Amino acid sequence: MPPRRIEGRVEGRIEGRVEGHVEGRIEGHAEEGAEVPSTELKHTFRIAVPPEEVFAHLAEPLHYIGLSPLLVAVRDVRRSGGTVNYTAVERFRFLGVLRHDNIIDVTLVAVPDGLPHSAEISGEVRSPGRVRMSYRFTIDRHEAGSVVTDTLHLRTPPGLLRFAASQAGAVQRVRARVLTARLTRPA
């Protein structure tokens with residue numbers, strides 16, 4: 001069966017001081033001989049701090065606790081140049097009482113080469129159940145602050161994509177609000 005391509009765009013206002021848009025694409029493609037559903041999600045928002053501050057915050061694994069609402073722990077942090085490998089724990093709750101801790105391996109690559117005007121942080125997440133995610137934050141100077149584009153590319157076994165994409169999209173929106181609250185100084 002040939003891959004299906006579904007494209008869509010959602011634009012709107014996120015509550016609080018963050019404005020942005022989310023774009024998504026869901027498609028299937030072959031990976032290592034098997035059909036693997038995938039989707040790419042983009043969320044762009046403005047933040048009233050310079051790219052250097054956004055970059056410094058996103059380049060530190062411990063800062064992702066709370067920045068990604070499912071993430072409750074970071075451990076085994078190993079650094080090699082601009083690359084950081086670590087283990088993260090995502091906590092899922094089902095029906096409000098059942099708890100599942102998902103142990104994931106994360107690679108983070110911080111590229112400050114364009115600072116003070118722009119920078120990029122990217123990496124890979126490997127989760128149990130063959131769920132894979134590539135991520136990229138592009139940070140560009142804009143007026144008195146920065147524009148951040150948070151891009152996620154998810155690959156899952158059949159049947160998991162819709163759930164994984166809904167969780168990832170929700171995380172992107174919360175991450176924008178939390179990052180803005182953490183870095184924006186009170187007037």
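Analyst: A word on terms first: strands are DSSP runs of E with at least two residues, numbered from the N terminus. The model is predicted.

User: Okay. Where is proline 116?
Analyst: Proline 116 sits in the loop between strand 6 (98-111) and strand 7 (118-127). A cis peptide bond joins leucine 115 to proline 116, with omega about 15°.

User: Switching to helix 1. Which residues are buried there?
Analyst: Helix 1 covers residues 51-58, and Pro51, Val54, Phe55, His57 and Leu58 are buried in it. They lie on the same side of helix 1, because they cover an arc of only 165° around the axis.

User: How do helix 1 and helix 2 pack?
Analyst: Their angle is about 115°, and the axes are 11 Å apart. The crossing is right-handed.

User: Which residues meet there?
Analyst: From helix 1, Glu53, Val54, His57 and Leu58. From helix 2, Leu179, Arg182 and Leu183. That contact has four nonpolar residues, one polar and two charged.

User: New topic. What is the phi of aspartate 76?
Analyst: Positive, about 50°, although aspartate 76 is not a glycine. Aspartate 76 lies in strand 4, residues 71-80. Its relative accessibility is 48%, so aspartate 76 counts as partly exposed.

User: And glutamate 143, what is its phi?
Analyst: Also positive at about 50°, and glutamate 143 is not a glycine. Glutamate 143 is in the loop between strand 8 (131-142) and strand 9 (145-155).

User: Why does glutamate 143 count as exposed?
Analyst: Because its relative accessibility is 71%, and exposed means over 50%.

Key:
Residues numbered from 1 in each chain as written. Predicted model: local features only at pLDDT ≥ 70, side-chain atom pairs only at ≥ 80, totals over all residues. Heavy atoms only, no water. Buried < 20%, exposed > 50% of the residue type's maximum accessible area, 1.4 Å probe, protein only. Helix = DSSP H or I, 4+ residues; strand = E, 2+ residues; numbered from the N terminus. Arc of directions from axis to C-beta. Axes fitted to C-alpha atoms, helices over the stretch in contact; angles between N-to-C directions. Left-handed = near helix turned anticlockwise from the far one by under 90°. Contact = heavy atoms within 4.5 Å. Nonpolar A, V, L, I, M, F, W, Y, C, P; charged D, E, K, R; others polar.
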